[in-house]
Amino acid sequence: MAGRVISIEIGYALTRVCEVDYRSKTHKVYKSFAIPTAEGIVSDGALMITPEYTEALKKALAENKMKSRQVMFTITSAKIASREVVIPFVKENRIGDVVNANASDYFPVDLSQYQLAYSILGVIGETKSAQQYKLLVMAAPTALLSGYYDLAKALKLELAAIDYAGNSVYQVVKEECAQGTNMIVKIEERSTLLMVVQNGALAFTRNVAYGVDETIDTVMESRQWGDIEGVLQALQVMADNNCLTAPTVMEALLPLAGGIARVVDYYLSHNANMTIDRVMITGLGANIRGIGELLEKEINHPVEVLRQAAGWTLEKNFKQESYGEYITCVGAAAEPLGFKKESEKGKGGAAGEGGKSSAVNGTFIAFFILAVGLAVAVVLIVVSLVRYLGIRKDNMELKAQSAELEEIIPIYNEYVETLADYNVATSMYTATENRNEELVEFLEELEDKMPGDVHVVSFTSTIQGVTISMNVSTKTEAAVAIEQLRTFESLLPESVTVTSVTEDTDDEGATLSVSFSVTALYQDIQ
């Protein structure tokens with residue numbers, strides 16, 4: 001069993017478990033299963049384990065004959081902060097030292113409450129002398145990780161590592177995405193991770209606060225496909241049937257589709273000369289039949305399900321159509337970031353050979369240690385004396401330099417006063433800026449993005465936001481208009497609110513027009 005590890009991802013609805021090769025080039029998956037996650041066990045990645053949940057997981061491990069004594073976890077959480085940084089091209093075993101030395105610059109928080117980890121994204125610089133490392137550095141709150149330490153202990157397993165879900169997915173797809181610009185969309189219960197891998201390097205990541213949990217609930221409650229017991233059965237029903245033909249199911253998925261579309265638009269707008277070559281979906285929601293076609297319409301790019309990845313043979317290890325729901329479990333074992341309790345690092349090591357050491361003459365060892373100690377003491381005295389003389393010389397030189405630089409003090413004080421005046425003036429100017437200065441651009445964007453038959457009845461703008469009254473032909477057109485408003489860069493998407501809707505019908509009840517009003521708040525000017 002050496003070299004195997006039990007890899008676990010705990011989601012809101014399901015806990016997914018794989019037994020895989022750990023840090024191996026073979027990436028073999030031996031066993032896998034999923035069990036329901038009880039309500040309240042996980043919240044934004046943080047665990048609140050119960051004896052019932054722990055026993056259920058122990059029982060499932062035993063039933064699936066997973067006997068590895070090591071366990072690792074992969075986490076999705078908005079509480080894990082990340083920064084892309086560039087550092088000098090040092091030896092790989094010194095990268096951690098450089099990261100720790102500069103950590104307070106990356107994360108202006110109390111780092112005593114966080115655990116750090118990093119991943120090498122690549123090497124930049126055209127010449128060897130100009131080369132630098134590009135890193136993804138992550139900081140996870142120790143309080144967030146503590147639940148996973150406790151669960152490993154409760155399962156009576158040794159904690160091998162804790163990984164971040166984004167890195168887990170990247171380890172699976174980086175060879176598959178070695179050429180071109182590829183967008184990976186991992187759809188889970190209450191969130192969706194989008195990442196762009198460009199020529200094998202991670203170039204962009206974003207999280208969308210929508211998943212498929214409401215869609216699962218809708219399918220379970222509708223009874224259109226019979227009595228469904230549990231999330232696993234609901235997912236199988238959605239894999240076997242195109243449930244998106246039901247309006248209520250389609251409606252439940254629209255916020256997710258809209259959120260993904262906004263991230264795609266954001267990426268393309270900030271990378272004007274870039275195109276997306278492939279969009280691949282994975283995760284819990286990738287098996288939902290019809291979801292690819294829905295996303296294609298929203299983002300105007302072909303969408304495919306990630307079914308195989310270069311360097312991996314996962315399609316042979318899983319009998320279902322896609323291994324997407326286990327992608328983070330298998331990827332975490334390849335090259336995890338390695339969040340781990342400092343007290344647990346460096347444990348272990350072979351025991352000494354006590355039988356042989358007891359035969360050595362104790363007196364000889366004592367004299368040998370004394371002689372070595374005296375020799376080391378002499379060396380330390382000499383080294384200290386040389387260092388003292390050198391530091392004394394440096395001190396005298398620095399004092400001389402200080403005397404020469406005293407005349408700079410008035411100049412520096414004048415600079416500080418001028419800088420303070422400049423900052424005051426800048427703050428006063430910034431306070432006068434508002435979004436109404438960009439009103440022409442807003443109206444042009446409104447003209448470009450609204451459906452063709454939208455008629456704007458009235459438009460009111462203040463320094464806080466806008467109120468718009470419109471007429472359209474149908475409610476569908478109204479929904480499209482509202483979704484388009486949520487894509488405006490000058491507006492807060494979550495603040496776009498419909499305040500009134502009036503439907504004008506003829507004598508037979510057919511809709512002639514729909515009138516509605518929308519209010520929205522402006523984004524702060526950066």
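This is a predicted model: local features need pLDDT of at least 70, side-chain atom pairs count only at pLDDT 80 or more; totals for chains, interfaces and linings use all residues.
Me: Over how many bridges do strand β6 (residues 70-75) and β10 pair?

Reply: Residues are numbered from 1 along each chain as its sequence is written, and side-chain values use heavy atoms, with hydrogens and water left out. Strands (E, at least two residues) and helices (H or I, at least four) are DSSP runs numbered from the N terminus, and two strands pair if DSSP finds at least two bridges between them. β6 and β10 pair in the parallel sense, and their bridges number six.

Me: At what angle does helix α4 run to β10?

Reply: In β10, Ala-161 is the bridge partner of Met-72. Helix α4 (residues 165-173) packs on the sheet and touches β6 and β10, where contact means heavy atoms within 4.5 Å. Axes are lines fitted to C-alpha atoms, for helices over the stretch in contact, and angles run from 0 to 180 degrees between N-to-C directions. The directions of α4 and β10 make an angle of about 85°.

Me: Which strands stand at the edges of the five-stranded sheet, and why is one side of each without a neighbour?

Reply: The sheet is open, its order is β3-β2-β1-β6-β10, and its pairing is mixed. Each edge strand has a single partner strand, so one side of it has no neighbour in the sheet. The edge strands are β3 (29-36) and β10 (158-164).

Me: Which residue stands opposite Met-195 in β13?

Reply: Strand β12 (residues 192-198) and strand β13 (residues 201-208) pair antiparallel over seven bridges. Their hairpin has two residues between the strands, and Asn-199 there takes a positive phi near 50°. In β13, the residue opposite Met-195 is Thr-205.

Me: How do the residues of the contact of α7 with α8 divide?

Reply: On the α7 side the contact includes Met-250, Leu-253 and Val-264, and on the α8 side Ile-291 and Glu-298 are among the residues met. Ala, Val, Leu, Ile, Met, Phe, Trp, Tyr, Cys and Pro count as nonpolar, Asp, Glu, Lys and Arg as charged, and the others, Gly among them, as polar. The contact residues are one polar, one charged and 12 nonpolar.

Me: How are α5 and α7 oriented to each other?

Reply: Helix α5 (residues 213-222) meets α7 through Glu-214, Thr-215, Thr-218 and Val-219. Their partners in α7 are Thr-248, Val-249, Ala-252 and Leu-253. The axes come within 8 Å and cross at roughly 165°. The two helices are therefore roughly antiparallel.

Me: Which strands are at the edges of the four-stranded sheet?

Reply: This second sheet is open and antiparallel, in the order β16-β17-β19-β18. Each edge strand pairs on one side only, and the two are β16 (455-461) and β18 (497-505).

Me: Which residue in β17 is the bridge partner of Ser-458?

Reply: β16 and strand β17 (residues 465-472) run antiparallel, joined by six bridges. Helix α14 (residues 439-449) lies across both strands, at about 155° to β16. In β17, the bridge partner of Ser-458 is Ser-469.

Me: At what angle does helix α15 run to β19?

Reply: Helix α15 spans residues 475-485 and lies across β17, β18 and β19 (511-521). The angle of α15 to β19 is about 15°.

Note on methods: Angles under 35 degrees count as roughly parallel, over 145 as roughly antiparallel, 65 to 115 as roughly perpendicular and the rest as oblique.
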